[in-house]
Amino acid sequence: MKLKDDYRTIWNKRLLKYPSFYRKMIAYTLFSSIIPIVIVGIASYALTSNAIKDNVSQDITQILNYASRTMDTELEAVQNNLVQMELSSFFTSDLNEMKRTNYSSFYTGVYQNLLAFMNGNSRVKDIALYTLDENYLISSTYGGIKIESAVEREKYANLLDKNQQLDWKVGYSQGGKDYDSGITLTSTVPLHSKEPIGFIQVIIDNKAFESLTKQFLKYEHEQMYVMDNTGQLVFHLNGSEVPEDLYELITVTKKGEQEFIYRWQDREYLVTSTESPIQKMLFVDMIPTAELYSSARQIAGITIGIVIAVLAAGIALAMIGTRKVYSPIRKLVSLISDNQTADMGTDEFSYVNQRWKEINRKASQLEEQLNEQFPLIRELFALRLMEGQFTHDRREYLLELLRRHSIPEKQCAVVFIIAYDHLSDVTKFQETDRDLILFIIKNMTTELLEHQQLEGLVINSFNDQVVVWLWTEHEEADVWSDKLKPVIDRIREQITHFLKSPATIGLSRTTSHVEELPDLYREAQLAIHSRMINGGNQIIESKGLAISMMYRYPTEIENHLTDSLLVGDLSETKRMLDAFSDKVQSAVHNPELIMMSYDQLLSTTLRIVYLMDINSEQLFGYTTSELNVNLRKLTTIHSINEWFMDHIFEPIMLYVNSKKNQEYEQFIEKVTDYIEANYHLDISLDQCAQICNLSPQYLSKLFKRTMNISFIEYVTQLRVAKAQELLETTDLLVNEIAEQVGYNPKNFIRVFKKQVGLPPGQYREMHRK
């Protein structure tokens with residue numbers, strides 16, 4: 001009744017101040033002035049949006065036409081320049097004869113022509129010649145390289161189409177990698193030969209398109225694509241992912257429409273397209289309409305501001321004028337009704353009655369929802385209580401919470417946790433049915449406890465376990481605890497029988513103090529965890545595990561130890577194992593907990609080995625189960641540490657260090673092979689670093705450490721050795737030999753004398769005598 005009286009008082013005051021006809025007077029006054037302004041604002045916004053859309057569409061169409069014509073011109077120019085290069089005297093000569101008689105001059109000429117082509121075609125990313133007989137690729141960017149892989153050879157051989165002398169293809173290959181975007185021009189060498197010696201590929205990547213079109217982008221998220229006649233992406237700007245249905249929309253569904261609105265990834269775009277006249281590539285531009293109409297939104301904002309200002313002024317004037325007109329009437333009604341709105345008319349009463357019924361109906365609905373959710377609320381409260389979230393609150397507050405959730409204040413309590421160990425082969429469930437299994441365990445436990453008339457809560461703890469909190473208000477703790485054990489064992493047996501898989505229950509001690517519930521919960525947790533030592537498929541009672549509550553597994557030390565293993569640092573691994581040992585010895589009163597810690601360390605290490613893709617049985621000589629058995633046979637921490645170092649950690653570090661050395665040798669072998677094949681060219685450390693995907697500084701250090709000689713010294717010694725061989729076996733002039741080993745004559749004589757101790761001419765005379 002008091003609540004209803006309070007609501008009635010509030011509504012009486014509001015209705016007395018703003019009666020129904022008072023509000024109607026204000027509404028009629030505002031309606032006649034606001035509607036015209038709103039209509040004008042909406043019309044202005046619509047006209048502005050259409051005008052902006054038309055203007056932008058025209059601009060984008062012009063830009064796309066310019067970009068398509070320019071791109072066609074650029075591609076045609078590249079193709080013409082390639083044809084001119086292949087019609088030059090070098091490529092029209094007998095290349096097979098040149099390669100057979102003057103191998104070095106052939107590749108030098110090829111490289112010079114490729115560089116000249118690159119210098120004259122700024123849009124080209126790379127040009128390379130591939131010879132079919134030697135499977136040798138010489139690139140203007142990366143130099144020469146022997147293609148060893150059969151897969152790579154087949155890929156390059158497939159690029160040569162003898163039925164088509166010049167061919168444009170989407171995508172390109174470079175440095176052993178394939179790229180979906182970009183475009184490649186492939187041409188046979190010689191151009192019109194029926195038996196070509198190889199082919200030239202010219203690569204044009206996305207940067208060429210960006211340099212042409214980026215200056216025309218006006219909007220932040222504007223995207224531009226170029227696709228071939230199959231819908232495959234050739235070039236892109238601000239968006240490497242093309243909507244799957246965009247090509248079909250433009251060429252089929254929206255064919256004939258130069259622009260249309262398209263929604264993609266929760267964003268609306270204005271799409272404009274055009275086709276290039278020569279290459280017949282589709283140029284598409286996508287502008288977010290949210291950015292396109294930003295100017296219109298500014299106009300809409302100004303319009304809304306004007307409407308709001310006029311509305312505010314109208315409201316103020318209407319309120320002032322209506323209040324003055326109504327003031328005598330309000331005083332009269334107040335006097336007649338004695339400040340009671342019951343005498344003010346039917347409109348006010350109807351409104352009050354309607355609102356009061358609505359409030360009562362809403363309160364009833366909320367009460368029903370609360371009753372439905374109350375069991376879940378109790379479970380969440382109990383789980384928070386057991387996890388210790390109310391440990392530091394006042395006892396009076398805790399008791400109030402218990403009363404609020406219908407839990408007795410004085411009770412004998414026990415906590416046990418149910419967990420299934422693993423799923424056997426005969427079970428009808430799978431690992432993906434974990435939620436269903438927990439649901440079944442909870443329902444079965446609830447039914448059995450109700451059948452035994454035991455009070456408590458059964459909670460899904462969201463970690464593949466079910467937690468049970470039981471209490472009694474009428475029996476002694478010891479007597480009640482003895483009655484519980486057969487019931488708990490029956491619960492475990494029925495769950496095991498139904499799941500056809502083993503289940504384990506961790507049981508805490510019994511207490512008469514509800515404040516100790518977090519301790520009971522942690523005791524049950526430790527008991528259930530100890531099944532790794534004690535074995536599962538049984539009831540494991542707490543054996544003073546609460547003493548170990550202050551112990552915490554050293555996760556940080558474990559992480560540092562595994563990091564040391566991954567980098568092969570033996571000394572740091574030993575240091576971390578000693579730190580781990582010192583930490584677990586704090587639980588010396590509980591051997592089971594110590595063994596659990598080492599068992600977890602072994603599990604973590606085996607997981608690291610698995611992630612490294614190592615066969616653990618080949619590495620350690622034992623299966624995983626045998627390693628666990630061997631660990632359990634050890635009785636002292638010292639012997640456990642020695643076993644970990646000798647049988648687990650040292651084999652891992654030997655494998656890691658061996659793998660590192662193999663990787664280093666592979667890198668250096670790759671570099672030396674490249675130097676051996678291209679010593680006559682201008683070889684740099686940066687080129688070799690790009691081949692290995694390493695930084696020049698790191699490659700220099702790695703080369704020095706592996707070869708015991710610097711990169712420059714190695715190249716110099718190789719070139720001088722080749723020069724010595726030519727001086728001893730040929731009649732070539734010194735200047736010719738200098739060019740063949742990659743030096744100009746002046747530098748060659750100086751370097752040769754420094755390395756050998758004699759000038760080239762004197763060295764030839766001495767070794768021919």
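What follows is a chat about a predicted model of one protein chain.

Biologist: Before I dig in, what kind of model is this?

Modeller: A predicted one: local features need pLDDT of at least 70, side-chain atom pairs count only at pLDDT 80 or more, and totals for chains, interfaces and linings use all residues. Residues are numbered from 1 along each chain as its sequence is written, and side-chain values use heavy atoms, with hydrogens and water left out.

Biologist: OK, how many helices and strands are there?

Modeller: The chain has 28 helices and 16 strands. Those are DSSP runs numbered from the N terminus, with helices (H or I) of at least four residues and strands (E) of at least two.

Biologist: And what share of the chain is buried?

Modeller: Buried residues are 42% of the 769 in the chain. Buried means under 20% relative accessible area, exposed means over 50%, and partly exposed is in between (1.4 Å probe, protein chains only).

Biologist: What does Ile200 touch?

Modeller: Leaving out residues up to four places away in sequence, Ile200 touches Leu82, Met85, Glu86, Phe91, Ile127, Ala128, Leu129, Leu185, Thr186, Ser187 and Val189. Contact means heavy atoms within 4.5 Å.

Biologist: What about isoleucine 203, buried or exposed?

Modeller: Isoleucine 203 counts as buried because its relative accessibility is 1%. Its place is in strand S6 (residues 198–204). Beyond its neighbours within four places in sequence, isoleucine 203 is in contact with Val124, Lys125, Asp126, Tyr172, Ser173, Gln174, Ile183 and Thr184.

Biologist: How far is isoleucine 203 from glycine 171?

Modeller: They are 8.5 Å apart in space, C-alpha to C-alpha, and 32 residues apart in sequence.

Biologist: Switching to holes. How many cavities turn up?

Modeller: Searching the whole structure gives two cavities of 30 Å³ or more.

Biologist: How do you define all that?

Modeller: On a 1 Å grid over the protein atoms alone, a cavity is a set of points where a 1.4 Å probe fits but cannot get out; a pocket is an open set with protein on both sides within 12 Å along at least five of seven lines; lining residues have an atom within 4 Å of a point. Grid points are joined across faces, edges and corners, and a volume is the space filled by probe spheres set on the points. For classes, Ala, Val, Leu, Ile, Met, Phe, Trp, Tyr, Cys and Pro are nonpolar, Asp, Glu, Lys and Arg are charged, and the others, Gly among them, are polar.

Biologist: Which residues are closest to the centre of the second largest pocket?

Modeller: Tyr103, Ser104, Ala677, Tyr679 and His680, out of 19 lining residues. That pocket has about 350 Å³ of space. Helix H25 gives the most to its lining, with four residues, and the lining divides into eight nonpolar, eight polar and three charged residues.

Biologist: Where is the cis peptide bond?

Modeller: The cis bond joins valine 189 and proline 190, with omega about -5°. Proline 190 lies in the loop between strand S5 (177–189) and S6.

Biologist: What phi does lysine 500 have?

Modeller: Lysine 500 has a positive phi of about 55°, although it is not a glycine. Most residues other than glycine have a negative phi. Lysine 500 is in the loop between helix H14 (477–499) and S15, and is partly exposed at 46% relative accessible area.

Biologist: Last one: which residues of H18 are buried?

Modeller: Glu572, Thr573, Met576, Leu577, Phe580, Ser581 and Val584 are buried in H18.
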